[in-house]
Structures are given as structure tokens and as C-alpha cells.
Amino acid sequence: MKCIFCEIIAGRERASVIYSDERVLALMTLHPSQPGECMVIPKQHIDHFTDLPDDLAAHLVVVAQKIGRKMRQGYSPKRVGMVVHGFGVPHAHLLLVAQHNPDDITSGRFARIVGEKVVYDLAGIRVPPREELDRHAALLSIAEEPNQSPQPARQTGG
Ligand SMILES: [Zn+2]
């Protein structure tokens with residue numbers, strides 16, 4: 001079965017990209033519970049976040065922090081929530097949510113009443129048009145921000 005995130009990383013599927021480097025990709029989610037909701041994923045296919053090597057996990061969090069700062073500027077949420085819930089796509093992803101209310105991270109927006117039951121799914125979530133997602137991606141872009149923790153200089157041999 002194809003991994004949609006790996007397809008995006010390979011350039012075979014469209015995405016609204018916020019940031020990309022050799023190890024991670026940050027992109028807008030397709031079903032945002034709040035405007036600006038996005039995620040940071042490793043470019044290597046690793047199912048569980050808990051299986052990421054330390055340096056890769058740290059890099060994901062640092063990139064998410066930088067985007068989170070842009071999120072605070074752009075959306076003025078009370079908090080920037082980060083969550084790894086692991087469901088959806090079996091490729092590790094760290095979600096960032098602009099939280100205006102305490103339940104925005106658990107998102108009551110996923111809940112709806114069907115018959116006499118509360119159901120949690122995507123049916124009540126609006127899918128924004130691509131242009132809108134692209135605008136959010138531009139707003140959250142950290143490409144021009146100076147790198148605060150440069151990677152160690154590579155050994156040149158010799
Ligand atoms: Zn994958």
C-alpha cells in the first residue's frame with residue numbers, strides 16, 4: 001500500500017509545503033480542525049514517531065517550534081498545540097494546531113451526532129481549497145528565518 005506522505009515527499013502528490021530540507025517536510029493538513037493546522041514529517045518513511053532516531057526527532061521538534069512561532073504571529077492563538085496521535089497515515093507526523101480554546105487540540109470539531117451516538121470523523125471538517133492552504137503555507141514559511149541551530153560542519157576528510 002502506498003504511503004501518501006512518501007508520495008508527497010517524492011513529488012507525486014500535491015501538498016501545500018511550508019518548509020523542506022534534506023530530513024523533514026512541513027506541510028498543511030488537508031482536514032484542518034483550525035486554520036493553519038499543519039504537520040512536520042520525516043522524509044524517511046518511519047511509521048512510529050517513537051522509532052525516530054534522536055537527532056531526527058529533535059530536528060522535527062525544532063522545525064515545529066519555528067513554525068509555531070510563525071503560527072503565533074499569524075493566527076494569534078492562545079497556545080500552539082503539538083500532538084503525535086499516530087492515527088491517519090502510518091508515517092510519523094507531528095501536528096501543530098493553533099489553539100484558541102482548550103479543546104482545539106482534541107477538537108470537538110471531529111465530533112458529530114449520528115442517530116443517538118457521538119461519532120468522531122472528518123465528515124464535519126471543511127476541506128479548504130488548495131489556494132487557501134497555499135496561503136497558510138506561505139504565512140507559516142520559515143525558509144527565510146536564520147537557522148538558530150546550524151548543523152555541525154561536515155567532515156571533509158583528510
Ligand atoms: Zn511514508
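Colleague: Which residue in β5 is the bridge partner of M39?

Modeller: In β5 that partner is L95, where strands are DSSP runs (E, at least two residues), numbered from the N terminus as helices are (H or I, at least four). This is a predicted model, in which local features need pLDDT of at least 70, side-chain atom pairs count only at pLDDT 80 or more, and totals for chains, interfaces and linings use all residues. Residues are numbered from 1 along each chain as its sequence is written.

Colleague: In what order do the strands of the sheet lie?

Modeller: Strands of a sheet pair through backbone hydrogen bonds, either parallel or antiparallel. Here 5 strands form an open sheet with antiparallel pairing, in the order β1-β2-β3-β5-β4, two strands being paired if DSSP finds at least two bridges between them. At the edges stand β1 (17–20) and β4 (79–83), each of which pairs on one side only.

Colleague: How many bridges join β3 to β5, and how many join β4 to β5?

Modeller: The antiparallel strands β3 and β5 are joined by 3 bridges, while 5 bridges join β4 to β5, also antiparallel; in this second pairing V83 stands opposite L95.

Colleague: Why is β5 described as largely enclosed?

Modeller: A residue is buried if 20 or more other C-beta atoms, placed from the backbone, lie within 10 Å of its own, exposed if 12 or fewer, and partly exposed in between. In β5, 5 of the 6 residues are buried, so the strand is largely enclosed by the rest of the structure.
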